[in-house]
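The entries follow the order in which I looked things up.

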Amino acid sequence: MSKNIMVQGTMSNAGKSLIAAGLCRILMQEGYKVAPFKSQNMALNSYVTEDGLEMGRAQVMQAEAAGTKPSVYMNPVLLKPTSNIGSQVIVNGEVIGNMPAREYFEYKKSLVPEIQKAYDKLAEEYDVIVIEGAGSPAEINLKENDIVNMGLAELVDSPVIIVGDIDRGGVFAQLYGTYALLTEAEQKRVKGFVINKFRGDASLLDSGIKMIEEKCNVPVLGVIPYADINVSDEDSLAESINEKDVQISDETKIDIAVIKYPRVSNFTDFDVLRANPAVNLRYVSKVSELGTPDMIILPGSKNTMGDLRWLKRSGIADAISNSQNDAPEKSNDENSKPVIFGICGGYQMLGNIITDPDYLEEGGEEQGLKLLPIKTVVKKEKVRKQVAGVIEELRGTLSELSGLEYSGYEIHMGRSSVVYADTKEYSKLSEDAKNERITQTPEIPVILNSGNVYGTYVHGIFDHAGIASSIIKALSLKKGVEYSPKDIDFESYKEKEYDRLAEIIRDHMDMDAIKEILGL
């Protein structure tokens, strides 16, 4: 059987995912076959495996760090919040339904056999399993029937290290309080503490470290400095999506605004754009923050109907629509209009109407922004697949994408169809313009295009070689700023980020102690 170690945290976003990823990378570098594991993940960032199964994006990131292929066994239970009190429940990559929190709390213990089975599958194949907990093991109201923190550690007999976030203050209280609320048997599993996201002179912590070690009889294994590592974030608590500075600071950069609605999902789609030095990518949730960006992206959503309604209430929907409705004398000047790009749920919002006859989200129907001629019906069966191909001919600012190869994956419950003839806009077009609108195409192209508005169901489409740089080049030309090719091989870029993460952890964590804990 493989060796294991579990990374728990004092709270959500303490840095468990990155610490686990760094350990995966280090152990892989030292020749071990390593797999990540998280029994239950609550996140809106997800991924589709080669066999069409859905799993949390954080474990995909950790699998990449470990140099192995993502498998649904690495994340057997995924919860995707659809409201403040309920989630879609995905087990072994398949949707089993939506559940309120109370119902799931009673149900989750029945998932232990599936969790054990998934773990055992990994244990048969890998030398080391790096396990990530969720939230905090000291959430005493949730400890009954725990399947993701100390309950899981007991199930798979794993030692534990606990990570505290000093950036949010009170790290010693975090560590001591967490440890004190554990049972004696659970405390015996804790083999070390890690202080994460430290800024400054680490020697100032010496007296506090000595005291916490004496009080808990648990060593502090490392003080990890605050570092900006650009790898996939787990959920909406991620710092990349909650940065306070939402204004562009450099007019020579391409300004891309991503709309952050309440149930935004798969914002990892934009990591490749954020990594490019020619881009200022920011997330906005108020119309006052929008400004006049070069490109507006409507990302995926786990509750498209609800987020579309929020988009209208916020005033952002009107601002986006108005950006495409110039004065009559400029109506044919696409250069005067920002590029609008919708992905998955955002793509559906750009259409004419979304209907939810089976109340899988919020029910009823909602008019979209009417910037793309599609209608969408929410269905019970979820589309999950990896895709690849060639982008059909596009017009407008992003015409250079025509003919480029793409790859990615689709995860959606909506089914969309073209409805040009149903739109008032269509009836006003010339015959030539109508013919340009691919009215005879039996299937919607991978990117549907109307003027400077684009939409696709493909997550990860920007990651494919050449697509992101072609977009930035086109936006630079449109803006009239110089563009020096800054093509990024995103796969190589991520590999360097994982190596950098591993180096930081090697330099600031007692890896000899980690190996001793693992029994290596």
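**Entry 1: helix 6 and its cover**

I began at helix 6, and among the elements that cover its buried residues I found strand 10, helix 7 (184-189), strand 11 and helix 8. I note at the outset that this is a predicted model, so every value below is computed from predicted coordinates. The buried residues of helix 6, which spans residues 171-180, are Val-171, Gln-174, Leu-175, Thr-178 and Tyr-179. Looking down the axis of helix 6, I see these buried residues fall within an arc of 115°, and they therefore line one face of the helix.

**Entry 2: strand 10**

I next asked how many of the residues of strand 10 are buried. The count is six of the six, so strand 10 is largely enclosed by the rest of the structure. Both faces of strand 10 are covered, with Val-160, Ile-162 and Gly-164 buried on one side and Ile-161, Val-163 and Asp-165 buried on the other.

I then looked up the neighbours of strand 10 (residues 160-165), and found that four bridges join it to strand 1 (residues 3-9), the two running parallel. In that pairing Gln-8 stands opposite Ile-162 of strand 10. Strand 10 is also joined to strand 11 by six bridges, again in a parallel arrangement, and here Ile-162 stands opposite Phe-193 of strand 11.

I found another open sheet of six strands, in the order 15-13-16-18-24-23, and its pairing is mixed. Its edge strands are strand 15 (279-284) and strand 23 (448-450), each of which pairs on one side only. The twist in this sheet averages 20° from one strand to the next. Within it, strand 13 and strand 15 run parallel and are joined by six bridges, and I noted Tyr-283 in strand 15 as the bridge partner of Val-258.

**Entry 3: helix 12**

I then turned to helix 12, which lies across strand 13, strand 16, strand 18 and strand 24 and runs at about 130° to strand 18. Which residues of helix 12 are buried? In this helix (residues 316-324) they are Ile-316, Ala-317, Ile-320, Ser-321, Ser-323 and Gln-324. Seen down the axis of helix 12, they fall within an arc of 155°, and so they line one face of the helix.

The face of helix 12 turned away from that buried side carries the exposed residues Asp-318 and Asn-322. I listed what the buried residues of helix 12 pack against: strand 13 (254-259), strand 16 (295-298), strand 18 (339-343) and strand 24 (453-456), together with helix 10 (287-290) and helix 11 (304-314).

**Entry 4: cysteines**

I checked for disulfides, taking a pair of cysteine sulfur atoms within 2.5 Å as the criterion, and the count comes to zero.

**Entry 5: the chain as a whole**

The chain contains 18 helices and 24 strands, and 58% of its 520 residues count as buried. Among contacts in the chain with a separation of 6 or more, 74% are between residues 24 or more positions apart. The accessible surface of the chain comes to about 21900 Å², and carbon and sulfur atoms account for 47% of that surface.

Key
Residues numbered from 1 in each chain as written. Predicted model: local features only at pLDDT ≥ 70, side-chain atom pairs only at ≥ 80, totals over all residues. Heavy atoms only, no water. Buried < 20%, exposed > 50% of the residue type's maximum accessible area, 1.4 Å probe, protein only. Arc of directions from axis to C-beta. Contact = heavy atoms within 4.5 Å. Pairing = 2+ DSSP bridges. Areas by Shrake-Rupley, 256 points an atom, 1.4 Å probe, with all protein chains shown as cover. Axes fitted to C-alpha atoms, helices over the stretch in contact; angles between N-to-C directions.
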